[in-house]
Amino acid sequence: MAVIGLGRFGTALALELVRRGTEVLAIDHRPKVVQSLAGQITHIATADATDPEALRQLGLPDFYRAVCAIGSDLEASILTSSLLVEMEINDIWAKAVSQQHGRILSRIGVQHVVFPEYDMGERVAHLVSGRMLDYMEVDENFALVKTLPPKEYVGVPLGESSLRRKYGVTVVAVKRPGEEFTYATAETELGYGDVIIVSGRTDQVERFAELP
């Protein structure tokens, strides 16, 4: 996989991919940044990603997947992404810093546009506004939430709780104090100190996480 642009987002992405065993080619135009990451990423190079010849010399047309992680320089982001499209890379991801930026990237052929700052801001907003311990929106109106069990459901088997009928959510997993997460079943009884993962429509899991 190629990761172009080694700002905070691109660097974190490249390092995590390497940690997971993915072979990564990382590219940035700043020699100091490249030098600071040498030895931490599988392959790393200093290059101008808006130069098609530079990308060809690095073998980008042979890559199946590439990420344009350039955000602050919109022109460079759009030019680089368009070159990746022209090289017919199968799976292209690109970072966008605004809705307009994202629309342009989509129009030139980028298959996956991500908004790291917006997504993180939205996630933190959910966490600070209620009892949620973690929040992940997996679709436009469907989310997973890590939270604590409401008092009314402590000691009641989930199969007898009518939780799904009343709140429209499903308890997916439970973590007892000092233990790991396990799948929840109809026989599972929630206890004080447990942590649960709940799935459902965004508005429903939000409402459920606010229960005392």
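This is a predicted model: local features need pLDDT of at least 70, side-chain atom pairs count only at pLDDT 80 or more; totals for chains, interfaces and linings use all residues.
Student: What makes tyrosine 153 and phenylalanine 208 a tilted pair?

Tutor: The ring centres of tyrosine 153 and phenylalanine 208 are 6.3 Å apart, and a pair requires centres within 6.5 Å. The planes stand at 40 degrees; stacked needs under 30 degrees and edge-to-face over 60, so the pair is tilted.

Student: Where in the chain do tyrosine 153 and phenylalanine 208 lie?

Tutor: Tyrosine 153 is in the loop between β8 and α7, and phenylalanine 208 is in helix α8 (residues 202-209). They are 55 residues apart, and the pair links distant parts of the chain.

Student: How many aromatic pairs does the structure hold?

Tutor: There are three. One of them joins tyrosine 153 and tyrosine 167.

Student: Why is the pair of tyrosine 153 and tyrosine 167 called edge-to-face?

Tutor: Its centres are 6.2 Å apart and its planes 80 degrees apart. The distance is within 6.5 Å and the angle is over 60 degrees, so the pair counts as edge-to-face. Tyrosine 167 lies in helix α7 and tyrosine 153 in the loop between β8 (142-147) and α7 (163-167), so the pair ties together parts that are 14 residues apart in sequence. Both tyrosines are buried. Tyr153, Tyr167 and Phe208 form one aromatic cluster.

Student: How do you know whether histidine 101 is buried or exposed?

Tutor: The relative accessibility of histidine 101 is 2%. Buried means under 20%, so histidine 101 is buried. The residue lies in helix α5 (residues 99-107).

Student: What makes the link between histidine 101 and serine 77 a polar contact?

Tutor: Their side chains meet at 2.9 Å, and the limit for such a pair of N or O atoms is 3.5 Å. Beyond its neighbours within four places in sequence, histidine 101 is in contact with residues including Ile70, Leu74 and Lys95.

Student: Why is methionine 136 called partly exposed?

Tutor: Its relative accessible area is 44%. Buried is under 20% and exposed over 50%, so methionine 136 falls in between. Methionine 136 sits in strand β7 (residues 134-139).

Student: Which residues form the nonpolar patch on the surface?

Tutor: The patch consists of Met136, Val138 and Phe142, with about 260 Å² of accessible area together.

Note on methods:
Residues are numbered from 1 along each chain as its sequence is written. Side-chain values use heavy atoms; hydrogens and water are left out. Helices (H or I, at least four residues) and strands (E, at least two) are DSSP runs, numbered from the N terminus. Buried means under 20% relative accessible area, exposed over 50%, partly exposed in between (1.4 Å probe, protein chains only). A polar contact is a pair of N or O atoms within 3.5 Å; within protein, one must be able to donate a hydrogen and the other to accept it, and residues adjacent in sequence count only if both atoms are side-chain atoms. Contact means heavy atoms within 4.5 Å. Patches are made of residues with over 30% relative accessible area and no salt bridge: like charges are joined within 9 Å, nonpolar side chains (Val, Leu, Ile, Met, Phe, Trp, Tyr) within 5 Å. Accessible areas come from the Shrake-Rupley method with a 1.4 Å probe; for residues, only the protein chains shown count as cover. A salt bridge is a side-chain nitrogen of Lys or Arg within 4 Å of a carboxyl oxygen of Asp or Glu. Rings of Phe, Tyr and Trp (its six-membered ring) pair if their centres lie within 6.5 Å; planes under 30 degrees apart count as stacked, over 60 as edge-to-face and the rest as tilted.
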